Amino acid sequence: MKITLLGTGSPIPDPMRAGPCTLVQAGGENVMVDCGRGALMRLMAAGVFPGMVSTCLVTHLHSDHITDLNDLVTSRWVMMPVNVPLRVIGPPGIRAVVDAMLQMLSPDQQYRHDHHDDLRANGPLTVNVEEVQPGDSFTIGAMSGTVHETDHRPVRPSIGFRLEHDGKVVALAGDTVPCAGVDEMCRNADAYVQTVIRHDLVSALADALPNGQRMRDILDYHSSVEQAAQTAARAGVKNLVLTHYVPPMAPDQQDDWKAQATAHFSGPVILGPDLTSLEL
Ligand SMILES: [Zn+2]
Ligand SMILES: [Zn+2]
């Protein structure tokens with residue numbers, strides 16, 4: 001199993017970091033978890049064509065986590081010789097979002113159908129959406145997955161995924177504070193991927209801004225680096241993978257970020273630029 005951080009950025013556009021997206025590769029399957037800004041550029045950099053992605057798992061419906069879902073859908077459709085609909089697994093609400101997205105894409109579909117006989121013969125642009133709840137399970141090829149409750153209130157619902165293949169387990173949380181659902185999802189996992197923010201840096205930024213309250217608001221629904229490390233230690237995970245750095249992590253700050261995690265978790269801590277990966 002290979003885990004690649006395709007996008008490590010946050011909602012704030014960043015010249016060096018794509019939006020939140022993680023690629024899990026196992027058993028010949030390529031699974032994207034969330035699909036933030038620029039995810040497909042990074043996907044190509046990881047050597048994966050859009051058509052090779054069978055499934056996109058969505059943790060919640062915040063815009064920064066789904067901005068480029070439409071890019072994944074249309075790029076697969078335009079590039080693939082046959083129409084194999086993308087499978088999208090997400091929380092209740094994802095179906096309405098995908099339906100609205102397909103509505104947005106209807107002019108594009110019409111233009112391409114008018115222009116390409118073979119695309120028209122492939123039929124309409126379709127997506128196979130599955131709305132799931134904590135406790136549900138699913139399979140993607142030889143990979144098995146379970147759905148777990150996370151806590152990103154007031155964003156509701158929000159979920160995380162535990163994926164297993166050939167004895168290896170990765171737990172992938174989206175945005176969440178520590179909670180029982182995340183602990184259960186992470187129990188003895190080989191790797192735990194968590195979106196994080198720095199409480200100290202975000203607080204300092206908020207204090208320095210004239211309209212700092214909006215920034216201060218984000219502190220109460222994300223895991224800090226310390227909290228992610230504490231969850232990892234409590235759940236007995238082997239590797240902690242940090243992503244979605246808020247504020248953006250400058251290259252010379254990496255050691256500082258890592259030190260906040262290693263103070264609470266004794267295993268390997270993986271973080272870095274987009275395309276940082278871990279093989280299990
Ligand atoms: Zn969020
Ligand atoms: Zn986010």
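Select helix α3, residues 69–79. Buried here are Leu 69, Leu 72, Val 73, Arg 76 and Trp 77. (A residue is buried if 20 or more other C-beta atoms, placed from the backbone, lie within 10 Å of its own; it is exposed if 12 or fewer do, and partly exposed in between. Helices, H or I of at least four residues, and strands, E of at least two, are DSSP runs numbered from the N terminus.) Look down the axis of α3: the buried residues fall within an arc of 120°, so they line one face of the helix. (The arc is that of the directions from the helix axis to the C-beta atoms.) An α-helix has 3.6 residues a turn, so residues three or four places apart point the same way.

This is a predicted model, in which local features need pLDDT of at least 70 and side-chain atom pairs count only at pLDDT 80 or more, while totals for chains, interfaces and linings use all residues. Residues are numbered from 1 along each chain as its sequence is written, and chains are lettered from A and ligands numbered from 1 in the order in which they are written.

Now show what surrounds α3. Its buried residues pack against α1 (39–45), β4 (53–57), α2 (63–66), β5, α4 and β6.

Next, the sheet. Color the strands in the order β6-β5-β4-β3-β2-β1-β15. This is an open sheet of 7 strands with mixed pairing. From one strand to the next, the twist averages 20°. (Axes are lines fitted to C-alpha atoms, for helices over the stretch in contact, and angles run from 0 to 180 degrees between N-to-C directions.)

Stop at β5, residues 86–90. It runs parallel to β6, with 5 bridges joining the two. Pick Gly 90: its bridge partner in β6 is Glu 131. Leu 57 stands opposite Ile 89 in β5. Of the 5 residues of β5, 4 are buried, so the strand is largely enclosed by the rest of the structure.

Step into the loop between α1 and β4 and select Met 52. It has 14 C-beta neighbours inside 10 Å and so counts as partly exposed. Glu 29 is 23 residues away along the chain, yet the two C-alpha atoms are separated by 7.8 Å.

Move on to helix α11, residues 254–262. Trp 257, Lys 258, Gln 260 and Ala 261 are buried. They cover an arc of only 155° around the axis, which puts them on the same side of α11. The face turned away carries the exposed residues Asp 255 and Ala 259. Cover for the buried residues includes α10 (225–235), β13 (239–246) and β14 (269–270).

Which residues does Leu 240 contact beyond its neighbours within four places in sequence? Among them are Tyr 192, Ala 261, Phe 265 and Ile 270. (Residues are in contact if their C-beta atoms, placed from the backbone, lie within 7 Å.)

Finally, zoom out. The protein chain has 11 helices and 15 strands. Its C-alpha atoms fill a box of roughly 60 × 50 × 30 Å, taken along the principal axes. Of its 280 residues, 43% count as buried.

Definitions and conventions:
Two strands pair if DSSP finds at least two bridges between them. Two residues are in contact if their C-beta atoms, placed from the backbone, lie within 7 Å.
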